[in-house]
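Dear colleague,

Please find below the structure that I am handing over to you. A short account of the findings follows it.

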Amino acid sequence: MLPEEPHRTPPPVWSPPLPRRTPGEADLRVFTVEHPIGGRHRPGRRSLRVVRDCVSGRPVLRAAALAVLVVLAAGCAGSPATGTGGQAARTSAGSGDALNLRGVCPATVVVQSSWFPQAEHGAVYQLLGKGYTIDAGRKSVTGPLVASGVDTGVKLQIRAGGPAIGFQQVSSQMYADRSITIGMLNTDELIGQSARAPVLGVVAPLDLDPQVIMWDPQAHPGWNTISDIGQTDTRVLYYSGVTFMSYLLGSGILRQTQVDGSYDGSPSTFVAHRGQDAVQGYATNELFAWSHGVLQWGMPLVYQLINDTGYPNYANVLAVRVGDRGRLEGCLHRLVPIIQRAQVAFMTSPGTAVEVMLAANTAYKGFPYDRPLAEYAVRTMREQAIVGDGGDHTLGNFDTARVGKLIGILQPIFTGQNKPTKSGLGPVDVMTNAYIDPSIGLPTGK
């Protein structure tokens with residue numbers, strides 16, 4: 001993206017109003033899950049009781065103070081063990097075809113994702129072909145890698161992250177498990193791990209990080225930005241250890257006396273305090289999930305992206321181990337444009353990939369995710385330019401000035417935490433546009 005092109009600062013976005021719901025409206029069966037709905041969460045002191053409507057299949061949340069040693073108590077009968085959907089292959093790539101990955105890429109391209117399947121991962125799930133299989137135990141899906149209706153000659157395996165890998169950082173997992181070809185992680189992790197587990201971003205399917213601070217507009221009608229929160233004594237709930245909070249505190253946007261790192265992803269505290277707190281979340285998840293799934297809440301929230309405070313993070317960057325770049329050079333020249341086109345296709349028509357995500361999450365039995373939430377996430381990514389072309393009409397490339405700015409923000413933070421980055425670190429050490437096809441971008445109006 002063009003360095004001189006500033007990112008717009010949109011006003012907070014309201015979720016559609018929703019009346020408070022009451023239980024007992026349909027055939028409901030209760031089961032307990034280990035992880036909160038709607039985001040990339042760390043393990044905590046609470047879990048959630050999810051009431052799933054066995055007619056519509058939609059999850060309805062109830063917060064409960066339970067131990068996080070959770071066993072599935074009950075589920076909806078007839079949940080499939082294998083998935084539906086997947087891209088149909090009309091033909092197979094010929095030997096000279098740019099879509100032919102056989103002999104160029106590994107026989108199975110293994111992608112370690114950042115969380116359970118969700119719309120923010122659309123670029124890779126778009127590439128799974130029909131006939132894929134789900135390994136519920138290992139929480140992975142494997143099938144033919146299909147690009148624009150063409151079987152590329154190799155397989156694709158997508159592995160769930162977060163709790164599926166013990167909440168280990170993706171970069172660390174990539175060094176622990178050399179079978180991983182590509183990892184999905186944010187640029188602040190690329191920077192933070194540059195000295196210990198160096199990985200190189202090769203394509204950025206998301207232009208903006210969907211992380212937000214959100215709040216109840218009825219409780220705080222005068223707030224429009226995160227800076228407004230910092231002018232009050234309001235408590236801000238967040239996951240202890242997230243890097244952007246160090247930036248918000250160090251820049252004076254928020255104050256140390258008002259932040260509370262005990263947040264574990266559950267809406268329990270927020271609901272118990274009747275929306276008086278502000279809380280970390282994702283524009284693509286909690287805004288919809290809490291408004292539509294938390295029985296004790298059921299009202300819209302508003303938010304501001306962390307990006308709009310001056311923290312220009314890229315989320316879900318696809319990256320390779322630095323030492324593997326030479327070995328994968330030929331593969332990346334073909335695969336990266338395929339991923340760019342897949343993201344365009346997903347944002348244009350996400351239904352096929354969403355089917356795969358829903359089937360995988362059903363099989364994994366731990367992350368409630370439904371079609372309305374996925375569709376909301378896609379709409380939000382479009383409307384807020386979370387997926388976008390930036391200033392140069394190319395999807396997936398990096399703005400080197402923006403990455404340089406983030407390095408400048410984070411180096412003193414990591415040094416203060418005794419986590420030094422690579423000596424002389426610059427943007428070229430954590431990202432490259434060498435494999436990007438600059439002609440690939442979203443259609444006008446998408």
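Tyr-239 is buried, as its relative accessible area is 2% (buried means under 20% relative accessible area, exposed over 50%, partly exposed in between, with a 1.4 Å probe and protein chains only). Tyr-263 is likewise buried, at 8%. These two residues form a stacked aromatic pair, with 4.8 Å from centre to centre and 20° between the planes. Rings of Phe, Tyr and Trp (its six-membered ring) pair if their centres lie within 6.5 Å; planes under 30 degrees apart count as stacked, over 60 as edge-to-face and the rest as tilted.

Please note that this is a predicted model, in which local features need pLDDT of at least 70 and side-chain atom pairs count only at pLDDT 80 or more, while totals for chains, interfaces and linings use all residues. Residues are numbered from 1 along each chain as its sequence is written, and side-chain values use heavy atoms, leaving out hydrogens and water.

A search of the whole structure gives 13 aromatic pairs. Among them, Phe-116 and Tyr-364 have ring centres 6.1 Å apart and planes at 55°, so this pair is tilted. Phe-116 is buried at 2% relative accessible area, and Tyr-364 is buried at 4%.

The torsion about the S-S bond is about 95°, so the disulfide is right-handed. Both Cys-105 and Cys-331 are buried.

Notes. Disulfide = S-S within 2.5 Å.
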